[in-house]
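I opened this notebook to record what I looked up in the structure. The entries follow in the order in which I made them.

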Amino acid sequence: MENFEKFTLRPSTVIGFASCERSWFNNFVKGVKSINSSKAMVGTAIHSAAEYYWTGCIKDNTKLDWNMSELQEYAMDCFLAGENVVYESGENEQTCKNKIFNGTSALFRDIIEYTDVPLKTEYRVTMPIEHPMIKDISGTIDYLGKDSIADIKTSGAKYQPKKAVVQQSIYKMLAEYNGYTVNNCTIQAVILLKNSTYGQVAEVQTNLGMAEALIESIKLKLHYYYNMKMEGKLSDEIIEDLLFAGNPGHYLCDDRFCPSRPTCKFASVSTQKIQCDFDLQ
Ligand code: SF4
């Protein structure tokens, strides 16, 4: 009988299940490593400067003056510590450094300047789950206020808060499970455009029902997977194809975002179709 090591479901990954179930399965059940894209690394670096600053403020329970060069340097070091970064088209180390420099400045100038000291920053909240394969659902809240939570994001265009509904609904659920009140969820977005960089605070209307439904779909699929594997009547390939189909039409089905693409049968089906349409013309 196969032994499954239970894993932790992360709020930021639940929406990935709706994008492509096969990619989600490969990543979280089979352990295929995700791609360290330069875009994500820039976001993490800018984000680290806020965490560094807020940690000092929380300790002294007051909003401290900041030294922008020190914060930019801190963010830069975080970026340079990243390994195997995959640069997107038109990007290189210098363009990423420029974004980090400008983005850190915009985050403090346009957002942190007007934000109160949080109760906690980078605060882990967890809720246990009864499931043969999932241990719990757990995530880190960037900013936990008196009755609010906020998440820092970077974006190449004006931020659309609807993109964060599932993730923020789960963070709210977890914060409340851990005894905090959440009346307000926001995204503190740093918008990195070609000719300008600015901060935007966007309120997110949470939808707990939608988030719970997605979590239930994941639990149900993994229950079927677990039972079929335990029965041992079907091969792994058949079980995986039956339960976790790919979604080649999704914009994340791209070499830059999906490490499974070179061997994914769903992606090659879509390529064959495009080739066939072309031949008929
Ligand atoms: S290559 Fe496309 S279809 Fe296949 S797992 Fe990745 S995103 Fe899904």
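Entry 1. I worked from a predicted model. I began with Ile149 and listed its contacts, leaving out residues up to four places away in sequence. Ile149 touches Ile141, Tyr143, Leu144, Tyr171, Lys172, Ala175, Val182 and Cys185.

Entry 2. I then looked up the largest nonpolar core, which has 60 residues. Ile149 is among the five members that touch the most others, together with Ile46, Leu107, Ile170 and Ala175. Helix 3, residues 38–60, gives the most to this core, with eight residues. I noted that the core lies between domain 1 (38–209) and domain 2 (246–281), because both give residues to it.

Entry 3. I turned to helix 6, which runs over residues 165–177 and has 13 residues. The helix reaches 18 Å from its first C-alpha to its last, close to the 18 Å expected. Is helix 6 mostly covered or mostly uncovered? I found it mostly covered, with ten of its 13 residues buried. Among the buried ones are Ile170, Tyr171, Lys172 and Ala175. The elements that cover these buried residues include helix 1 (11–19), strand 4 (148–155) and helix 7 (208–231). Just after the helix, I recorded a positive phi of about 95° at Gly179.

Entry 4. Last, I examined the surroundings of the ligand. Of the 14 residues around it, Cys20, Gly246, Cys253, Cys258 and Cys264 come nearest. By class, I counted eight nonpolar, four polar and two charged residues in this shell. Helix 2 (21–28) and helix 9 (265–280) each supply at least two of the shell residues.

Definitions and conventions
Residues are numbered from 1 along each chain as its sequence is written. This is a predicted model: local features need pLDDT of at least 70, side-chain atom pairs count only at pLDDT 80 or more; totals for chains, interfaces and linings use all residues. Helices (H or I, at least four residues) and strands (E, at least two) are DSSP runs, numbered from the N terminus. The expected span of a helix is 1.5 Å times one less than its number of residues. A residue is buried if 20 or more other C-beta atoms lie within 10 Å of its own, exposed if 12 or fewer, and partly exposed in between; C-beta atoms are placed from the backbone. Two residues are in contact if their C-beta atoms, placed from the backbone, lie within 7 Å. A residue is near a molecule or strand if its C-beta atom, placed from the backbone, lies within 6 Å of it. Ala, Val, Leu, Ile, Met, Phe, Trp, Tyr, Cys and Pro count as nonpolar, Asp, Glu, Lys and Arg as charged, and the others, Gly among them, as polar. A nonpolar core is a set of buried Ala, Val, Leu, Ile, Met, Phe, Trp, Tyr and Cys residues joined through C-beta atoms within 7 Å. Domain bounds come from an automatic or database domain assignment.
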